[in-house]
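Please look at the aromatic side chains in the structure below.

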Amino acid sequence: MGFGDLKTAAGLYVLNDFLADRSYIEGFGPSQADVAVFEAVSAPPPADLCHALRWYNHIQSYEKQKASLPGVKKALGKYGPADVEDTTAGATADTKDDDDIDLFGSDDEEESEEAKRLREERLAQYESKKSKKPAVVAKSSILLDVKPWDDETDMAKLEECVRSIQTDGLVWGSSKLVPVGYGIKKLQIQCVVEDDKVGTDMLEERITAFEDYVQSMDVAAFNKI
Amino acid sequence: MAAAAGPRLGAEELGLLEKSLGLAKGNKYGAQGERKTPVLQTNNGPSLIGLTTIATHLVKQAKKEQLLGNTAEEKAVVQQWLEYRVTQVDGQSNKEDTRIILKDLNSYLEDKVYLAGNNFTLADILMYYGLHHIMVDLTVQEKEKYLNVSRWFNHIQHYPDFKAAVSKTTSFASIDVYFLM
């Protein structure tokens, strides 16, 4: 846990992310947790980290009651997102101490195995929780411009080739031919993709593979649905 | 929509407010006119009409004036949001109005924890009640889009005194706003 070094931009960034959907470091009221983190942040966060700045200004308003806020102050590394490694000075000092005293390597191993088991248990719990939630499938609507080589390219055949690309999470939509000049027309075709399964890079690769017909391909519009 | 927040909810809202203020229950609320404006008949005075008027009166009765703001500016901001609640939030009639309200609030709350100043005020309470039926209908994506509103809403529904009053009702029960997990 922890935010990393709150004196650095990276640390503040983690803090900002953490506070996006929270008003306080812990719970729903100001506490010593806020004081501890507040004291570690040396100056008001920059304006683009709006969540961190909001929190900072808010906690600053408790300056006078600081000592009387509830809770017990813990090491800085005990706060914040669980998936960030604790890199605060206290935590590293702790592990050093361990090394000095620990004469029996086996103890250490056992402990880490225990920790590993615990972590795996938690992970499994988290996974099962996550899988119960209905997954939100992110989709995008993409408008592609496919350009032929010259006016003699068979556009019907070109379209057929493009539509022949079939893959999971890809649905072709309407298309039309748009004149570009000198009798040359380009194919404008709509498709809907599932973001996780299909990317524009992959589409480009597959479409330009019909090199007899296709000179180039551009993404004309890309909208999240 | 104004009708939805009408007589029943208006009275229920005030009843809840009484409870969270620690006032002895006993006030009866009526409704007046086509818009079903809540009315409170005081014991030995004139009857009070209108949601924010009655709410402000209750706060003063409970001697919790800090809920109306501490400084002159804070008091003004609290009034500003009470007015917003009855004119804009209760007056919204279609999706577009709702979107504008959420968008405005979202940008307002970006750098704030509470609506007025750095304290929980009556503005937070009444805006919570007013927005509740809107928040219930939002999709997960919308809640994420209006992140600052969602955070504020979640914060208010967990606010100690307030939570106790809200948790026992169905009309304004806490709703899930966790979307980042």
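1. Tyr128(B) is buried, its relative accessible area being 0%; buried means under 20%, exposed over 50% and partly exposed in between, with a 1.4 Å probe and protein chains only. Tyr129(B) is buried as well, at 2%. This is a predicted model, in which local features need pLDDT of at least 70, side-chain atom pairs count only at pLDDT 80 or more, and totals for chains, interfaces and linings use all residues. Residues are numbered from 1 along each chain as its sequence is written, chains are lettered from A and ligands numbered from 1 in the order in which they are written, and side-chain values use heavy atoms, without hydrogens and water.

2. Eleven aromatic pairs are counted over all chains. Rings of Phe, Tyr and Trp (its six-membered ring) pair if their centres lie within 6.5 Å; planes under 30 degrees apart are stacked, over 60 edge-to-face, the rest tilted.

3. Phe3(A) and Phe18(A) pair edge-to-face, with 5.3 Å between centres and 75° between planes. Phe3(A) lies in the segment before helix H1 (9–19) of chain A and Phe18(A) in helix H1, 15 residues apart; helices are DSSP runs (H or I, at least four residues), numbered from the N terminus. Both Phe3(A) and Phe18(A) are buried.

4. Tyr128(B) and Tyr129(B) also form an edge-to-face pair, at 5.9 Å and 70°.

5. Arg22(A) lies over the face of Phe18(A), 4.0 Å from the ring centre. The criterion is NZ of Lys or CZ of Arg within 6 Å of the ring centre and within 35 degrees of the ring normal. In chain B, the charged end of Lys112(B) sits over the ring of Tyr108(B), at 4.1 Å from its centre.

Terms used. Helix = DSSP H or I, 4+ residues; strand = E, 2+ residues; numbered from the N terminus.
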